[in-house]
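Please find below a short note for a colleague who is new to this structure. The points are numbered and may be read in order.

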Amino acid sequence: MNTNISILGSTGSIGKQALEVVDKLGLNVTALTANSSVELLEKQARKYNPQLVALHDENSAKDLKIRLADTNIKVFSGMDGICKCASLDNTDMVLNSVVGMIGLKPTLCAIESKKDIALANKETLVAGGKLVMNAAKKAGVNILPVDSEHSAIFQSLQGCAKHEQIKKLILTASGGPFFGKTKEMLKNVTVADALNHPNWSMGAKITIDSASMMNKGLELIEASWLFDMKPDDIDILVHRQSIVHSLVEYADNSVIAQLGVPDMRIPIQYAITYPDRFESPVKELSLSEVATLTFEKPDYDTFECINACKKAIDLGGLYPACVNAANERANRLFRDGKIKFLDIGKAVSEALESAPVYGDYTLDDVDEMNKWAEEFVNKRFGC
Ligand code: MN
């Protein structure tokens, strides 16, 4: 098991749940990072006594440095500080639960320092899948999925003899708060409506992504990279109860799935303890209590983000980075009350149609595409 762990994004939803898993397993925390949550990071630092902490925001980091002056904990700031925490010598595993494409560089830093990665930052693989997978292969490190669907697929692949015997991956989707609604009905939905997820308690960005189903599109791209599967061989199935977390169909049409109550602490723990399993803080699944499991096709017309993501990964290159960055900007603008809910889908689809053509790419090209897509969305909606 990985006993020395660095957690990037420790004050977010996944980060906090990861620390609960750490408590249960009795692991050693070597570094913690956050964006700007000074108070909570101070509290976590005092409890877990890591060697390093970092805040992305410079001013917040200055504040934290003063607050932690009576300890031996070193405080860093900015992207450099986050990368220091990702590449610390005595860390075995880096759990990346940073929100958004800003998590890409720390992932690459951790890989270069030969750390195994527990990856909860799906935008990392969407924006720079080729860079991440090539670097991981070169460094010989494992990327263990924390996203519940990808953990389910990873678990369902244990015992798979040969990659070519995998016929299909099936990603389940809860459908979010707007399942069954038409575009007409979604015209005037509010941020509060979109944040009201039926099954999962998550951060704001991903909850809005679930409402638009962009989240499932991003996960399709993520799955394609993680499991080396063609996008055409990845299906999406709406499963309202979020009990079956995803499935793998094999050459003989046998289908293996992973089930459990919807609680991120199971996939977080499995990524840390793989291939072993231990008792977890999560409650037992009672299928007789759940009683009914339903499965339906997604509505691709209403939730146009899924098709945009599928098209982006088919086109390859920087197109996935483009849809991801357009979505990050649109998601933020919607949460800030500057655009309507359906504008998110428009932003993503239109950015993809207008994106400058890119084939092969470097990390700098990803940054450039991110900027291009952000500006495109700003201009499109006059923000
Ligand atoms: Mn997921």
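1. Helix H16 (residues 341–354) passes helix H17 (residues 363–380) in a right-handed crossing, where right-handed means that the near helix is turned clockwise from the far one by less than a right angle. The two axes come within 10 Å and cross at roughly 120°. That angle makes H16 oblique to H17, oblique being the class left over once angles under 35 degrees (roughly parallel), over 145 (roughly antiparallel) and 65 to 115 (roughly perpendicular) are set aside.

2. The model is predicted: local features need pLDDT of at least 70 and side-chain atom pairs pLDDT 80 or more, while totals for chains, interfaces and linings use all residues. Residues are numbered from 1 along each chain as its sequence is written, and side-chain values use heavy atoms, without hydrogens and water.

3. Helix H11 (residues 214–226) and helix H14 (residues 304–315) have axes that come within 7 Å and cross at roughly 25°. H11 and H14 are therefore roughly parallel to each other, and their crossing is right-handed.

4. Glycine 12 lies in the loop between strand E1 (4–8) and helix H1 (13–25). Its relative accessibility of 27% makes glycine 12 partly exposed, a class between buried (under 20%) and exposed (over 50%), with a 1.4 Å probe and protein chains only. The C-alpha atoms of glycine 12 and alanine 34 are separated by 7.9 Å, although the residues are 22 apart along the chain.

5. Leucine 287 belongs to helix H13 (residues 287–290) and, at 43% relative accessibility, is partly exposed.

Definitions and conventions
Helices (H or I, at least four residues) and strands (E, at least two) are DSSP runs, numbered from the N terminus. Axes are lines fitted to C-alpha atoms, for helices over the stretch in contact, and angles run from 0 to 180 degrees between N-to-C directions.
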